[in-house]
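Here are some notes to read alongside the coordinates.

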Amino acid sequence: MIKNAETHIVTLTLAPSLDSATITPKIYPEGKLRCSAPIFEPGGGGINVARAIVHLGGKATALFPIGGPTGTHLAELLEQEGINTETLETLDWTRQNLHVHAENTGEQYRFVMPGAKLTGEEFDSLSLKVTRLPAGTILVVSGSLPPGTEVAALTELLHKAQLAGLHCILDSSGDALAEGLKLGGLALVKPNQNELAQLVGHQLEKPDDVLNAARQIIREGGAQRVVVSLGPQGALAVDAEHVYQVTPPPVKKMSTVGAGDSMVGAMTLKLAAGADLLDIVRYGVAAGSAATLHIGTRLCSHTDTQGIYEYLCQQTAVH
């Protein structure tokens, strides 16, 4: 149980972005593609997790580096949304990503730029901000690493956070997730099925394979809770004592952008409230599904999430 009188939630984004979304009739080479006026939104895993939490009625602080005019614009957008922020000025400019929706096919194209580099001093300053957070804070580390930042630096940051009494959620992939699990003691991780297969080193072809792989992570002490994202099948949630699979209702998906961050935000909010594993995964699946109902980079809304969550609460979870 994590909940105390005032459980703080802080998200850390090492490679934030300023995201722009636009619509064009169709995409073809060489010609000029006439686009709609762009919509600018904050981007980056931890930032979107914090935004999702606030959209759902909770409170969270987004900690991230900013640089240049793009970084200033990003901070302004978050201020307009009412998101609490803690920032660190950097030499490198914050990256800008582009999301394009082609009307004739309904396809989305996501152009993702490299994250801004962090100097050693800048990374150390962010790490110091983390270790000064109050004990008992839930720290969500989400998103990619900036170019030049080693996985070992992230693992050391997580270790310092745990020594400071923080409950760490890691939403990453590849070596970063693998090394975080080797460190152990994480409060929650949310791999998808392919990421889970990479972690355990073999294909997961049968339903029991996914369950056994998640249980292996729990058994080895990597994390206290493993929630495996299964796409249209929802999610499989495992801890030391329980197993639940929660399947969302069929919805017309307009975009999958932000679904994972919405899911993590919702689960973090429930974890901070002291909810049990079933309630955590139900709310997470509801928020992830809610985020797919809109075109572009929009996250979950409270109304959509609550409606799907109430539906899921009436269903019998598969044990």
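This is a predicted model: local features need pLDDT of at least 70, side-chain atom pairs count only at pLDDT 80 or more; totals for chains, interfaces and linings use all residues.

1. Which residues of β1 are buried, and on which side does each lie? Ile-9 and Thr-11 are buried on one side of β1, and Val-10 and Leu-12 are buried on the other. Buried here means under 20% relative accessible area, exposed means over 50%, and partly exposed is in between (1.4 Å probe, protein chains only). Helices (H or I, at least four residues) and strands (E, at least two) are DSSP runs, numbered from the N terminus.

2. Residues are numbered from 1 along each chain as its sequence is written, and side-chain values use heavy atoms, with hydrogens and water left out.

3. Strand β1 runs parallel to β8, joined by four bridges, and parallel to β4, joined by three. Two strands pair if DSSP finds at least two bridges between them. Ile-9 stands opposite Ile-138 in β8, and Leu-12 stands opposite Leu-63 in β4.

4. An open sheet of four strands has the order β3-β2-β6-β7, with mixed pairing. The edges are β3 (39–43) and β7 (108–111); each has a single partner strand, so one side of each is left without a neighbour in the sheet. On average, neighbouring strands of this sheet are turned by 25° against each other, direction ignored. Axes are lines fitted to C-alpha atoms, for helices over the stretch in contact, and angles run from 0 to 180 degrees between N-to-C directions.

5. Strand β2 (residues 17–24) is antiparallel to β3, with five bridges between them; Ser-17 has Gly-43 of β3 as its bridge partner. Helix α2 (residues 68–80) packs on the sheet and touches β2, β3 and β6 (95–102), its direction making about 90° with that of β3. Contact means heavy atoms within 4.5 Å.

6. Strand β6 is joined to β2 by eight bridges, in parallel, with Ser-20 opposite Leu-98. Four bridges join β6 to β7, and that pair is antiparallel; His-99 stands opposite Arg-110 there. The two form a hairpin with five residues between them, and Gly-106 in the turn has a positive phi of about 80°. Six of the eight residues of β6 are buried, so the strand is largely enclosed by the rest of the structure.

7. Thr-24 is found in β2 and is buried, at 2% relative accessible area. Beyond neighbours within four places in sequence, the contacts of Thr-24 include Leu-33, Cys-35, Val-100 and Ala-102.

8. Nine of the 11 residues of helix α1 (residues 45–55) are buried, so this helix is largely enclosed by the rest of the structure. The cover over those buried residues includes β1, β3, β4 (61–66), α2, β8 (138–142) and α8. Just after α1, Gly-57 takes a positive phi of about 95°.

9. One nonpolar surface patch of about 550 Å² is made by Ile-27, Tyr-28, Leu-33, Leu-98, Tyr-109, Phe-111 and Met-113. Patches are made of residues with over 30% relative accessible area and no salt bridge: like charges are joined within 9 Å, nonpolar side chains (Val, Leu, Ile, Met, Phe, Trp, Tyr) within 5 Å. Accessible areas come from the Shrake-Rupley method with a 1.4 Å probe; for residues, only the protein chains shown count as cover.

10. The salt bridges number five, each being a side-chain nitrogen of Lys or Arg within 4 Å of a carboxyl oxygen of Asp or Glu. Lys-129 and Glu-86 meet at 2.6 Å, N to O. This pair links distant parts of the chain, with Lys-129 in helix α3 (residues 120–131) and Glu-86 in strand β5 (residues 84–89), 43 residues apart.

11. Which residues does Lys-270 involve in a salt bridge? Lys-270 meets Asp-279 at 3.1 Å, N to O. Asp-279 is buried at 16% relative accessibility, and Lys-270 is buried at 18%. Salt bridges that share partners join Glu-41, Arg-51 and Glu-81 into one network.
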